[in-house]
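Here is a short report on selected features of a predicted model. Keep the sequence and the structure in view while reading.

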Amino acid sequence: MPKQKNFDTVAQLTDLFKESVLIVAAQYSGLDVSAMHQLRAAILNSDSRFRIAKNTLSKIAADGAGRSELKGIIDGPTGFLTTKADPASAAKAFVNHITSAKVDVKILGGILDDQTLSSEQLIFL
């Protein structure tokens, strides 16, 4: 029997995916708590957030948000950079931080409005 917590997480992710103009999926497996805190602080000024959720719940939320393209991008421990504001500044803040801090984060791909983007396209955004 699914837990209420999982239903709540799917509902939150669905809303987040629906409202975001940019969603970037990234593997974060090499980050410790301190590095994750620094990443979240670095993207805060661009009105972005980095959310981690179980892949199964993320895929259900992607379907519910009408962003089923995300399901093909999710692979391994995946977190999501999302923003409702300027997508270029969010992507730039994210890429600049993972490059300058030399953290082990791999951009898998993403969605800008209704367009699916590769990791290369997101880096040059």
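## The loop between H2 and S2

Asp-47 sits in the loop that links H2 and S2. Its relative accessible area is 57%, over the 50% cut-off, so Asp-47 is exposed. Asp-47 has a positive phi, near 55°, and it is not a glycine. Most residues other than glycine have a negative phi.

Ser-46 occupies the loop between helix H2 (33–44) and strand S2 (48–52). Is Ser-46 buried or exposed? Ser-46 has 8% relative accessibility and therefore counts as buried. Its side chain makes a polar contact of 2.8 Å with the side chain of Ser-48. Beyond its neighbours within four places in sequence, Ser-46 contacts Thr-83, Ala-85, Ser-89, Ala-90 and Ala-93.

Lys-102 belongs to the loop between helix H4 (87–100) and strand S4 (106–112). Its phi is positive, about 50°, although Lys-102 is not a glycine. Lys-102 counts as exposed because its relative accessibility is 72%.

## H2 against H4

H2 and H4 cross at roughly 145°. Their axes come within 9 Å. The crossing of these two helices is right-handed. Which residues make the contact? H2 supplies Gln-38, Leu-39, Ala-42 and Ile-43. H4 supplies Ala-93, Phe-94, His-97 and Ile-98. By class, six of the contact residues are nonpolar and two are polar, with no charged residues.

On one side, Ala-93 of H4 takes part in the contact with H2. On the other, Ala-93 is among the residues that Ser-46 touches.

## H1 against H3

Helix H1 (residues 4–19) packs on helix H3 (residues 55–64) with their axes 8 Å apart. The angle between them is about 50°. H1 and H3 are therefore oblique to each other. H1 passes H3 in a right-handed crossing. From H1, the contact draws on Asn-6, Thr-9, Val-10, Leu-13, Thr-14, Phe-17 and Lys-18. From H3, it draws on Leu-57, Ser-58, Ile-60, Ala-61, Ala-62 and Gly-64. How do the residues of the contact of H1 with H3 divide? There are seven nonpolar, five polar and one charged.

Thr-9 lies in helix H1. Its relative accessibility is 13%, so Thr-9 counts as buried. Not counting residues up to four places away in sequence, Thr-9 touches Arg-51, Ala-53 and Leu-57. Leu-57 is one of the H3 residues in the helix contact. Thr-9 and Gln-38 are 29 residues apart in sequence, and their C-alpha atoms are 24 Å apart in space. Gln-38 is one of the H2 residues in the contact with H4.

## Arg-51 in strand S2

Arg-51 is placed in strand S2. Is this arginine buried or exposed? At 15% relative accessibility, Arg-51 falls under the 20% cut-off and so counts as buried.

Setting aside residues up to four places away in sequence, Arg-51 touches Thr-9, Gln-12, Leu-13, Leu-16, Arg-40, Gly-79 and Phe-80. Thr-9 and Leu-13 also belong to the H1 side of the contact with H3. With Gln-12 there is a polar contact as well: the two side chains are joined at 3.4 Å. Arg-51 and Phe-124 are 73 residues apart along the chain, and their C-alpha atoms are separated by 22 Å.

## Gln-27 in strand S1

Gln-27 lies in strand S1 (residues 22–27). With 18% relative accessibility, Gln-27 counts as buried because the cut-off is 20%. What lies 2.7 Å from a polar atom of the Gln-27 side chain? The backbone oxygen of Asp-75 does.

Apart from its neighbours within four places in sequence, Gln-27 contacts Asp-75, Gly-76, Pro-77, Asp-104, Val-105, Lys-106 and Leu-108.

Technical notes: Residues numbered from 1 in each chain as written. Predicted model: local features only at pLDDT ≥ 70, side-chain atom pairs only at ≥ 80, totals over all residues. Heavy atoms only, no water. Axes fitted to C-alpha atoms, helices over the stretch in contact; angles between N-to-C directions. Helix = DSSP H or I, 4+ residues; strand = E, 2+ residues; numbered from the N terminus. Parallel < 35°, antiparallel > 145°, perpendicular 65-115°, else oblique. Left-handed = near helix turned anticlockwise from the far one by under 90°. Contact = heavy atoms within 4.5 Å. Nonpolar A, V, L, I, M, F, W, Y, C, P; charged D, E, K, R; others polar. Buried < 20%, exposed > 50% of the residue type's maximum accessible area, 1.4 Å probe, protein only. Polar contact = N/O pair within 3.5 Å; in protein donor to acceptor, adjacent residues only side chain to side chain.
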